[in-house]
Amino acid sequence: MRYLFCFLYLQLLFICDGRAQLVPVGQWREHMDYREGKRVALSDGHVFTATSFGAYVVNRTDGEITRLSKVSGLNDVGVRTLNYNTATNKLLIAYNNSNLDVMYRNDVINIPDIVRSNTTGDKTIYDIFFVGNNAYLSSGLGVIVVNLQKYEISNTFIIGNNGSNVKVNGFAATATQFFAATEEGLKIANQTTANLNDFRNWLLVSGSNGLPTGAVQQVFVVQNTVVARILNRLYSFNGTSWQLIHNDDWRWETVNASDGSLLICEERFGWIERRVVVLNVSGTVTAVVQNNGELRYPIHAVKSGNEIWIADFEKGLVKAESNLFERYAINSPYGRLDGEMLFYKNTLYVAGGSINDAWNYQFNGSGFFTFSNNEWKDYNRFTLPWMDTIFDVISIAVDPRNDVIYAGSFGGGLIEFSNANQYKIYKQNSPLNVAIGDPNNYRVGGMAFDAENNLWISNFGGSNNFLVKKGDGNWRSFRVPFLIQDNMVGAVLIDDADQKWIQVPQGNGVFCYNHG
């Protein structure tokens, strides 16, 4: 085949050219999104950052970055959260599917009990808290206890009213008591109680002594003081009553307790302003970290002395110290790469957009990407403002005469791109037709260049659903001469005989066109 592409999220063995081999033969390297920082945790010598698809470790001494993925020994993808247990020197990683990995020294131990369990309900892991050799997982079922010595699930506290499951958002402990922030409110139990999986041994304290009724999002113990978060308000317990110690009109992303302080990641005005606010246990603001250049979308933060380490959803890991910012990031594509891939002249071109199984658009603004000379480059609304309305780029082609890139949007038309200042968008007033039943959208399902430098385009849902932009710049429009539901046509592939193979979505086969 002349062009080869696939609709996959994958790990990729990739060689740029015959002179420079990036990865030794027989080894793998992953190309996943490491930019979307979600969680951060500290050990004495390292910083651990969770991203949407994997994680990475930064050496605090020399800044060296190590990727954590299935290539390096992890057992799953899609990291939900992580935390580091300083008592046992173990890193616990929870995945989106509730699978668990424990990293200890040079080993990765998998604990698949939750993901394999036949238990119904929300098994999502929302938070991780450690007490000695046990990890307490806040989940949609209740509190799941993991024994980090035996690497097994040792208990589950089902603490909802009348013994039902209840979503637990956070967990904390003093020397004698456990605290669970649940959707029903804040619940407390004595650690020495023999049967903590009996809901009757947990006392609901919300609605009394100054703590409002309703869901509690997080709970912390800071310098022996219990602090509860309810939306964008923090309450502390002085031994007899709860006091409001901090609130503001920002939208809070997360609150975290670290190094004797509380750190709030927040934003307002439609993400225009974003910052990290550092508080002491009395609610006094001791620092505000805000930088729209190096810090774009803080999600989670930890503190170590004067250092504040921030997981940023656009920048990865950022260290702030004395108004100086340092970014620790891995060059990688942004978001999931769900569209077509094309390898041409030692460069990999990838469409980053997506559609669902019913071939409906997903409003995915990832755009498209290139990978060349061991470097990923983005072309989307973050780097090119004029692409702010372009979603679901699922197909990609390159003109062999001048390397002009053509990107097909499933709804936003066809992009012709030479550079940041030279581009054209084909939608209305072009040969593209609007989709049947969707008069505001121009859907490109696939495209490819043939041997005569003609660009063949499937116009999904268009009245004339197969087009060609000829090498001389003129267009011709065709209609596939067979009955197709809603004129749906998808990917285009051209073989060595210059025949055009056209996908008919939703398992309805392919058409082959031999023009002329």
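**Exercise 1. The surroundings of K500**

Leaving aside its neighbours within four places in sequence, which residues is K500 in contact with? Work out also where K500 sits and whether it is buried or exposed.

*Solution.* The model is a predicted one, in which local features need pLDDT of at least 70 and side-chain atom pairs count only at pLDDT 80 or more, while totals for chains, interfaces and linings use all residues. Residues are numbered from 1 along each chain as its sequence is written, and side-chain values use heavy atoms, with hydrogens and water left out.

Step 1: K500 belongs to strand β44, residues 500-503, where strands (E, at least two residues) are DSSP runs numbered from the N terminus.

Step 2: its relative accessible area is 0%, so K500 is buried; the classes are buried under 20% relative accessible area, exposed over 50% and partly exposed in between, with a 1.4 Å probe and protein chains only.

Step 3: with neighbours within four places in sequence set aside, K500 is in contact with D450, W456, F466, L493, I494, F511, C512, Y513 and H515, contact being heavy atoms within 4.5 Å.

Step 4: for H515 there is also a polar contact between the two side chains, at 2.6 Å. A polar contact is a pair of N or O atoms within 3.5 Å; within protein, one must be able to donate a hydrogen and the other to accept it, and residues adjacent in sequence count only if both atoms are side-chain atoms.

**Exercise 2. The nonpolar cores**

Determine which residues touch the most other members of the largest nonpolar core, and which strands each supply at least two residues of this core.

*Solution.* Step 1: a nonpolar core is a set of buried Ala, Val, Leu, Ile, Met, Phe, Trp, Tyr and Cys residues joined through side-chain atoms within 4.5 Å.

Step 1: the largest core has 18 residues, and W456, F466, V480, I484 and F511 touch the most other members. At least two residues of this core come from each of β40 (455-460), β41 (466-469) and β43 (492-494).

Step 2: for F511, the contacts beyond four places in sequence are V480, F482, I484, K500, W501, I502 and V504.

Step 3: a second, separate core holds 17 residues, including Y349, A351, V393 and I405.

**Exercise 3. Aromatic pairs**

Classify the ring pairs F237 with W242 and F410 with F460, and state how buried each partner is.

*Solution.* Step 1: rings of Phe, Tyr and Trp (its six-membered ring) pair if their centres lie within 6.5 Å; planes under 30 degrees apart count as stacked, over 60 as edge-to-face and the rest as tilted. This rule gives 32 aromatic pairs.

Step 1: the centres of F237 and W242 are 5.0 Å apart and their planes stand at 40°, so this pair is tilted. F237 is partly exposed at 29% relative accessible area, whereas W242 is buried at 7%.

Step 2: for F410 and F460 the centres are 4.9 Å apart and the planes at 65°, so the pair is edge-to-face. Because F410 lies in strand β36 (residues 405-411) and F460 in strand β40, the pair ties together parts that are 50 residues apart in sequence. Both partners are buried, F410 at 1% relative accessibility and F460 at 5%.

Step 3: elsewhere, ring pairs link F129, Y136, F157, F171, F178 and W202 into a cluster.

**Exercise 4. L211 in its loop**

Locate L211 and list what L211 touches beyond four places in sequence.

*Solution.* Step 1: L211 is in the loop between β18 (203-204) and β19 (218-222), and counts as buried at 2% relative accessibility.

Step 1: not counting residues up to four places away, L211 touches L186, V205, S206, A228, I230, Y235 and W242.

Terms used: Helices (H or I, at least four residues) and strands (E, at least two) are DSSP runs, numbered from the N terminus.
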